[in-house]
Amino acid sequence: MNADDQRSYRIYIAVPNTPPPASGYPVLYMLDGNGQFPLAVNSYHPDNGPAPLIIAIGYPTDVSYNTIPRTRDYTPPAEGEEFAQGGHAETFNQFISQQLKPWVNQHYAVNQQKQTLVGHSFGGLFTLYTLFNHPQQFQHYVAASPSLWWGNGVVIPARSPLLIQWPESITVTVGEYEEKPNPAEANKPQNAERAKRQAKRQQVTKARALATEMKQQGGNVSFIMFPGKNHGSVIPDAVKTAVMTAGKA
């Protein structure tokens with residue numbers, strides 16, 4: 001699907017093998033479709049509730065995680081050379097809301113009141129960007145390992161409360177070893193630099209603090225830390241959580 005002359009996307013779609021309810025299928029919109037769409041499809045189990053219609057947004061490439069376009073699309077504007085390659089979250093949001101969602105609504109029976117957005121890492125950052133700037137677009141948000149270090153937390157609004165009207169649910173997930181090294185690997189020399197970067201970014205601390213703040217302000221917020229998982233290995237857990245959230249919405 002072409003957004004414009006500069007941006008194009010590969011859309012992955014999984015339709016439940018049961019007829020849509022009278023109100024339409026619940027829908028899960030997910031980012032990083034190249035790498036995570038198979039995880040979403042394979043994580044579904046009937047015991048976990050109804051299956052959602054899955055719409056995964058990827059890129060026309062065989063690479064699972066295409067760094068340049070996802071940095072461009074998933075991040076809000078931020079000052080500093082370190083963040084110069086990003087900043088187009090609003091443009092990407094407009095693609096989803098003005099092009100993709102209308103197309104999905106036209107081709108599938110969907111429930112407009114049971115829509116979930118999930119993203120991991122930069123995708124989790126975009127999920128929060130959408131939550132804080134366009135909260136009405138989805139009823140459920142799953143921000144997995146959100147990159148809150150981007151722009152020194154620029155995605156978090158400088159207002160209190162953060163939202164006047166909260167969506168039905170917000171889930172923030174992280175892996176236990178996203179901020180501290182796994183003890184089994186801590187002494188490996190090649191992991192020293194990564195450990196410094198993890199400690200500086202405070203991935204778990206900041207995510208937990210944000211979830212706590214939103215909950216105190218009245219949001220229906222869940223914070224989930226998956227034990228024994230790092231930034232990469234936690235992805236299947238986060239995706240499974242999103243599929244279950246969307247199906248039960």
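These questions and answers cover the chain as a whole and then helix α4.

This is a predicted model, in which local features need pLDDT of at least 70, side-chain atom pairs count only at pLDDT 80 or more, and totals for chains, interfaces and linings use all residues. Residues are numbered from 1 along each chain as its sequence is written, and side-chain values use heavy atoms, with hydrogens and water left out.

Q: How many helices and strands does the protein chain have?
A: Helices (H or I, at least four residues) and strands (E, at least two) are DSSP runs, numbered from the N terminus. Along the sequence they follow the pattern β-β-α-β-α-α-β-α-β-β-α-α-β-α. The count is 7 helices and 7 strands.

Q: What share of the residues of the protein chain count as buried?
A: Buried means under 20% relative accessible area, exposed over 50%, and partly exposed in between (1.4 Å probe, protein chains only). Of the 249 residues, the buried share is 51%.

Q: How far does helix α4 reach from its first C-alpha to its last?
A: The expected span of a helix is 1.5 Å times one less than its number of residues. Helix α4 covers residues 122-133, which is 12 residues, and the expected value is 16 Å. The reach in the model is close to that, at 16 Å.

Q: Is α4 mostly covered or mostly uncovered, and what covers its buried residues?
A: α4 is mostly covered, with 11 of its 12 residues buried. Among them are Phe122, Leu125, Tyr129 and Phe132. What covers the buried residues includes α2 (67-74), α3 (89-107), β4 (110-120), β5 (140-144), β6 (169-175) and α6 (203-216).

Key. Contact = heavy atoms within 4.5 Å.
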